[in-house]
Amino acid sequence: MNFEQGFSEVERAATGIVRTAATLASAAKAMIRAARDGDIASVSKSAQKLGSLADTVLQEISNTRSAWPFNADGEERYLKEQYTDELLRAAEKEGVKMQRRDGQLIAYPFIVRVLPAERAIQLNRTKIAKLRPSKLMAKLKVAQAHKSKGSVQPFLEALYSAYALVAGPDGGAVTLAKIYKAFTLLPNSSAEYSRDDFARDLLTLDRSGIAETKSGARFSLPASTGTKESRDTFACVAPDGEVVTYYAIHFTGGEP
(Lines give C-alpha, C1' and ligand atoms only; values in the text may rest on other atoms or scores of the structure.)
Protein backbone atom coordinates (compact mmCIF):
# COMPACT_ATOMS: atom_id res chain seq x y z
CA MET A 1 0.00 0.00 0.00
CA ASN A 2 1.25 3.49 -0.80
CA PHE A 3 0.70 6.80 0.99
CA GLU A 4 -2.18 7.90 -1.25
CA GLN A 5 -4.07 4.69 -0.47
CA GLY A 6 -3.23 4.96 3.23
CA PHE A 7 -4.50 8.52 3.52
CA SER A 8 -7.61 7.54 1.57
CA GLU A 9 -8.32 4.72 4.03
CA VAL A 10 -7.94 7.06 7.01
CA GLU A 11 -10.22 9.63 5.35
CA ARG A 12 -12.86 7.00 4.62
CA ALA A 13 -12.78 5.62 8.17
CA ALA A 14 -12.91 9.06 9.80
CA THR A 15 -15.81 10.03 7.54
CA GLY A 16 -17.67 7.00 8.91
CA ILE A 17 -17.26 8.40 12.43
CA VAL A 18 -18.67 11.75 11.32
CA ARG A 19 -21.73 10.11 9.76
CA THR A 20 -22.43 7.86 12.75
CA ALA A 21 -21.83 10.69 15.20
CA ALA A 22 -24.36 12.83 13.32
CA THR A 23 -26.92 10.01 13.56
CA LEU A 24 -26.10 9.64 17.26
CA ALA A 25 -26.68 13.35 17.83
CA SER A 26 -30.00 13.15 15.99
CA ALA A 27 -31.11 10.25 18.19
CA ALA A 28 -30.09 12.15 21.32
CA LYS A 29 -32.18 15.15 20.20
CA ALA A 30 -35.15 12.83 19.62
CA MET A 31 -34.75 11.52 23.16
CA ILE A 32 -34.68 15.08 24.49
CA ARG A 33 -37.96 15.83 22.72
CA ALA A 34 -39.52 12.62 24.04
CA ALA A 35 -38.47 13.48 27.58
CA ARG A 36 -39.85 17.00 27.30
CA ASP A 37 -43.15 15.60 26.03
CA GLY A 38 -43.23 12.84 28.61
CA ASP A 39 -43.42 10.14 25.94
CA ILE A 40 -42.22 7.03 27.83
CA ALA A 41 -42.32 4.72 24.79
CA SER A 42 -40.25 7.13 22.71
CA VAL A 43 -37.75 7.58 25.55
CA SER A 44 -37.28 3.82 25.76
CA LYS A 45 -36.98 3.49 21.97
CA SER A 46 -34.44 6.31 21.77
CA ALA A 47 -32.41 4.78 24.60
CA GLN A 48 -32.12 1.52 22.69
CA LYS A 49 -31.12 3.33 19.52
CA LEU A 50 -28.48 5.37 21.36
CA GLY A 51 -26.96 2.21 22.78
CA SER A 52 -26.71 0.64 19.34
CA LEU A 53 -25.26 3.79 17.80
CA ALA A 54 -22.74 4.16 20.61
CA ASP A 55 -21.43 0.68 19.86
CA THR A 56 -21.19 1.62 16.19
CA VAL A 57 -19.28 4.81 16.99
CA LEU A 58 -16.80 2.88 19.13
CA GLN A 59 -16.26 0.43 16.30
CA GLU A 60 -15.80 3.27 13.79
CA ILE A 61 -13.24 4.87 16.10
CA SER A 62 -11.37 1.59 16.39
CA ASN A 63 -11.42 1.21 12.61
CA THR A 64 -10.11 4.73 12.13
CA ARG A 65 -7.29 4.32 14.64
CA SER A 66 -6.05 1.26 12.77
CA ALA A 67 -6.70 2.60 9.24
CA TRP A 68 -3.23 4.08 8.73
CA PRO A 69 -1.21 1.11 7.43
CA PHE A 70 2.29 2.29 8.39
CA ASN A 71 4.07 2.17 11.73
CA ALA A 72 6.82 4.68 12.55
CA ASP A 73 9.61 2.60 11.03
CA GLY A 74 7.50 1.85 7.98
CA GLU A 75 6.73 5.53 7.42
CA GLU A 76 10.38 6.53 7.44
CA ARG A 77 11.42 3.59 5.28
CA TYR A 78 8.70 4.37 2.74
CA LEU A 79 9.72 8.02 2.61
CA LYS A 80 13.33 7.02 2.02
CA GLU A 81 12.77 4.29 -0.52
CA GLN A 82 9.43 4.65 -2.31
CA TYR A 83 7.79 8.02 -1.75
CA THR A 84 9.60 9.85 -4.57
CA ASP A 85 8.47 7.14 -7.00
CA GLU A 86 4.89 7.63 -5.83
CA LEU A 87 5.20 11.40 -6.31
CA LEU A 88 6.47 10.89 -9.86
CA ARG A 89 3.52 8.60 -10.64
CA ALA A 90 1.09 11.12 -9.15
CA ALA A 91 2.72 13.92 -11.14
CA GLU A 92 2.31 12.00 -14.39
CA LYS A 93 -1.33 11.26 -13.58
CA GLU A 94 -2.13 14.90 -12.79
CA GLY A 95 -0.13 16.39 -15.65
CA VAL A 96 2.51 17.98 -13.43
CA LYS A 97 5.94 18.30 -15.05
CA MET A 98 8.35 16.69 -12.59
CA GLN A 99 11.69 14.99 -13.00
CA ARG A 100 14.20 13.28 -10.75
CA ARG A 101 17.61 14.95 -10.65
CA ASP A 102 20.55 14.34 -8.32
CA GLY A 103 18.49 12.61 -5.65
CA GLN A 104 15.69 15.16 -5.55
CA LEU A 105 12.67 16.12 -7.60
CA ILE A 106 12.39 19.16 -9.82
CA ALA A 107 8.92 20.51 -10.49
CA TYR A 108 9.51 24.04 -11.69
CA PRO A 109 9.43 26.45 -9.91
CA PHE A 110 9.98 24.08 -7.00
CA ILE A 111 12.80 21.85 -5.90
CA VAL A 112 11.22 19.04 -3.88
CA ARG A 113 13.29 17.39 -1.17
CA VAL A 114 11.96 14.54 0.98
CA LEU A 115 12.79 14.74 4.70
CA PRO A 116 12.03 11.22 6.00
CA ALA A 117 13.04 11.72 9.63
CA GLU A 118 10.83 14.82 9.86
CA ARG A 119 7.83 13.29 8.05
CA ALA A 120 7.90 16.29 5.74
CA ILE A 121 8.99 17.57 2.38
CA GLN A 122 10.74 20.80 1.52
CA LEU A 123 9.48 22.92 -1.36
CA ASN A 124 12.43 25.18 -2.10
CA ARG A 125 13.06 26.46 1.43
CA THR A 126 9.58 25.88 2.87
CA LYS A 127 9.01 22.77 4.97
CA ILE A 128 5.60 21.14 4.51
CA ALA A 129 4.12 18.28 6.53
CA LYS A 130 1.20 17.65 4.15
CA LEU A 131 2.37 14.58 2.25
CA ARG A 132 -0.68 13.26 0.42
CA PRO A 133 0.54 12.98 -3.18
CA SER A 134 -2.72 14.01 -4.87
CA LYS A 135 -2.99 17.19 -2.79
CA LEU A 136 0.67 18.03 -3.29
CA MET A 137 0.35 17.60 -7.05
CA ALA A 138 -2.70 19.88 -7.08
CA LYS A 139 -0.61 22.56 -5.37
CA LEU A 140 2.28 22.15 -7.81
CA LYS A 141 -0.04 22.15 -10.81
CA VAL A 142 -1.46 25.52 -9.79
CA ALA A 143 2.05 26.88 -9.21
CA GLN A 144 3.25 25.71 -12.62
CA ALA A 145 0.28 27.39 -14.28
CA HIS A 146 0.89 30.67 -12.46
CA LYS A 147 3.53 33.02 -13.85
CA SER A 148 4.79 35.32 -11.14
CA LYS A 149 7.39 38.04 -11.55
CA GLY A 150 7.30 39.25 -7.97
CA SER A 151 10.72 37.97 -6.87
CA VAL A 152 12.56 38.27 -10.20
CA GLN A 153 13.62 41.91 -10.02
CA PRO A 154 15.25 41.66 -6.56
CA PHE A 155 17.17 38.58 -7.75
CA LEU A 156 18.38 40.45 -10.84
CA GLU A 157 19.54 43.37 -8.69
CA ALA A 158 21.45 40.97 -6.43
CA LEU A 159 23.06 39.32 -9.48
CA TYR A 160 24.17 42.70 -10.75
CA SER A 161 25.70 43.66 -7.40
CA ALA A 162 27.60 40.37 -7.22
CA TYR A 163 28.68 40.74 -10.85
CA ALA A 164 30.07 44.22 -10.19
CA LEU A 165 32.14 42.89 -7.31
CA VAL A 166 33.47 39.88 -9.21
CA ALA A 167 34.00 41.43 -12.65
CA GLY A 168 35.50 44.66 -11.42
CA PRO A 169 36.01 47.64 -13.73
CA ASP A 170 36.95 45.48 -16.71
CA GLY A 171 33.52 43.84 -16.90
CA GLY A 172 33.11 41.02 -19.37
CA ALA A 173 31.49 37.64 -18.90
CA VAL A 174 31.78 36.10 -15.44
CA THR A 175 31.13 32.46 -14.64
CA LEU A 176 28.02 31.91 -12.60
CA ALA A 177 30.06 29.66 -10.31
CA LYS A 178 31.89 32.82 -9.17
CA ILE A 179 28.61 34.68 -8.75
CA TYR A 180 27.16 31.82 -6.69
CA LYS A 181 30.30 31.79 -4.53
CA ALA A 182 29.77 35.50 -3.86
CA PHE A 183 26.13 34.80 -3.01
CA THR A 184 27.11 32.18 -0.43
CA LEU A 185 30.12 33.62 1.38
CA LEU A 186 28.45 33.53 4.78
CA PRO A 187 28.82 30.32 6.85
CA ASN A 188 26.13 27.71 6.04
CA SER A 189 24.60 29.95 3.39
CA SER A 190 25.17 27.36 0.67
CA ALA A 191 23.07 24.91 2.69
CA GLU A 192 20.23 27.41 2.89
CA TYR A 193 20.58 28.49 -0.74
CA SER A 194 21.76 25.53 -2.78
CA ARG A 195 23.08 25.38 -6.33
CA ASP A 196 19.70 24.00 -7.39
CA ASP A 197 17.96 26.99 -5.80
CA PHE A 198 20.29 29.31 -7.72
CA ALA A 199 19.66 27.42 -10.98
CA ARG A 200 15.90 27.65 -10.49
CA ASP A 201 16.12 31.41 -9.92
CA LEU A 202 18.27 31.80 -13.04
CA LEU A 203 15.70 29.98 -15.12
CA THR A 204 12.88 32.07 -13.66
CA LEU A 205 14.79 35.24 -14.50
CA ASP A 206 15.73 34.00 -17.97
CA ARG A 207 12.10 33.34 -18.87
CA SER A 208 10.50 36.25 -17.03
CA GLY A 209 10.80 38.84 -19.77
CA ILE A 210 12.66 41.18 -17.40
CA ALA A 211 15.83 42.22 -19.19
CA GLU A 212 17.49 45.00 -17.19
CA THR A 213 18.18 46.31 -13.71
CA LYS A 214 16.64 49.46 -12.30
CA SER A 215 19.80 51.33 -13.30
CA GLY A 216 19.45 50.17 -16.90
CA ALA A 217 22.08 47.40 -17.01
CA ARG A 218 21.08 44.63 -19.37
CA PHE A 219 22.16 41.04 -18.87
CA SER A 220 22.90 38.07 -21.08
CA LEU A 221 23.64 34.46 -20.19
CA PRO A 222 26.30 33.36 -22.67
CA ALA A 223 27.03 29.69 -23.20
CA SER A 224 30.53 28.29 -23.35
CA THR A 225 32.48 25.11 -23.93
CA GLY A 226 32.82 25.26 -20.16
CA THR A 227 29.25 24.04 -19.89
CA LYS A 228 30.70 20.54 -20.20
CA GLU A 229 32.14 20.87 -16.69
CA SER A 230 29.19 20.23 -14.38
CA ARG A 231 30.83 21.86 -11.37
CA ASP A 232 30.89 25.18 -13.24
CA THR A 233 27.34 24.99 -14.58
CA PHE A 234 23.86 25.34 -13.15
CA ALA A 235 21.07 23.24 -14.64
CA CYS A 236 17.33 23.36 -14.05
CA VAL A 237 14.41 21.46 -15.50
CA ALA A 238 11.99 23.86 -17.18
CA PRO A 239 8.19 23.48 -17.05
CA ASP A 240 8.25 21.82 -20.48
CA GLY A 241 10.76 19.22 -19.24
CA GLU A 242 13.76 20.75 -21.02
CA VAL A 243 17.00 20.73 -19.03
CA VAL A 244 18.43 24.26 -19.27
CA THR A 245 22.09 24.81 -18.41
CA TYR A 246 23.70 28.12 -17.45
CA TYR A 247 27.41 28.90 -17.36
CA ALA A 248 28.13 32.65 -17.32
CA ILE A 249 26.54 36.07 -17.07
CA HIS A 250 27.40 39.40 -18.69
CA PHE A 251 26.00 42.84 -17.92
CA THR A 252 26.26 45.86 -20.20
CA GLY A 253 25.35 49.45 -19.50
CA GLY A 254 23.88 50.84 -16.32
CA GLU A 255 25.67 51.90 -13.15
CA PRO A 256 27.01 49.43 -10.52
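## Ground rules

Contact here means heavy atoms within 4.5 Å. Helices (H or I, at least four residues) and strands (E, at least two) are DSSP runs, numbered from the N terminus.

The model is predicted, with local features needing pLDDT of at least 70 and side-chain atom pairs counting only at pLDDT 80 or more, while totals for chains, interfaces and linings use all residues. Residues are numbered from 1 along each chain as its sequence is written, and side-chain values use heavy atoms, leaving out hydrogens and water.

## H6 against H7

Let's start with this pair of helices. On the H6 side, Phe 155, Ala 158, Leu 159, Ala 162, Tyr 163 and Val 166 meet Lys 178, Ile 179, Ala 182 and Phe 183 of H7. Sorted by type, the contact residues come out as 9 nonpolar, no polar and 1 charged. (Ala, Val, Leu, Ile, Met, Phe, Trp, Tyr, Cys and Pro count as nonpolar; Asp, Glu, Lys and Arg as charged; the others, Gly among them, as polar.)

The axes of H6 (residues 152-167) and H7 (residues 176-183) sit 9 Å apart, at an angle of about 105 degrees. Axes are lines fitted to C-alpha atoms, for helices over the stretch in contact, and angles run from 0 to 180 degrees between N-to-C directions. H6 and H7 are therefore roughly perpendicular: that label covers 65 to 115 degrees, with under 35 roughly parallel, over 145 roughly antiparallel and the rest oblique.

## The sheet under H6

H6 also lies across E6, E7 and E10, at about 90 degrees to E10. These strands form an open, antiparallel sheet of 3 in the order E6-E10-E7. E6 (174-175) and E7 (218-220) are the edge strands with a single partner strand each, so one side of each has no neighbour in the sheet.

Strands pair if DSSP finds at least two bridges between them; E7 and E10 (residues 248-252) have 3, running antiparallel. Arg 218 has Thr 252 in E10 as its bridge partner.

## H4 against H5

H4 (residues 83-94) and H5 (residues 133-145) have axes that come within 9 Å and cross at roughly 55 degrees, so this pair is oblique. From H4, the contact uses Tyr 83, Glu 86, Leu 87, Ala 90, Ala 91 and Glu 94; from H5, Pro 133, Leu 136, Met 137 and Lys 141. That makes 7 nonpolar, no polar and 3 charged.

## A look at Glu 76

Glu 76 belongs to helix H3 (residues 72-81). Leaving aside neighbours within four places in sequence, Glu 76 is in contact with Pro 116, Ala 117 and Arg 119.
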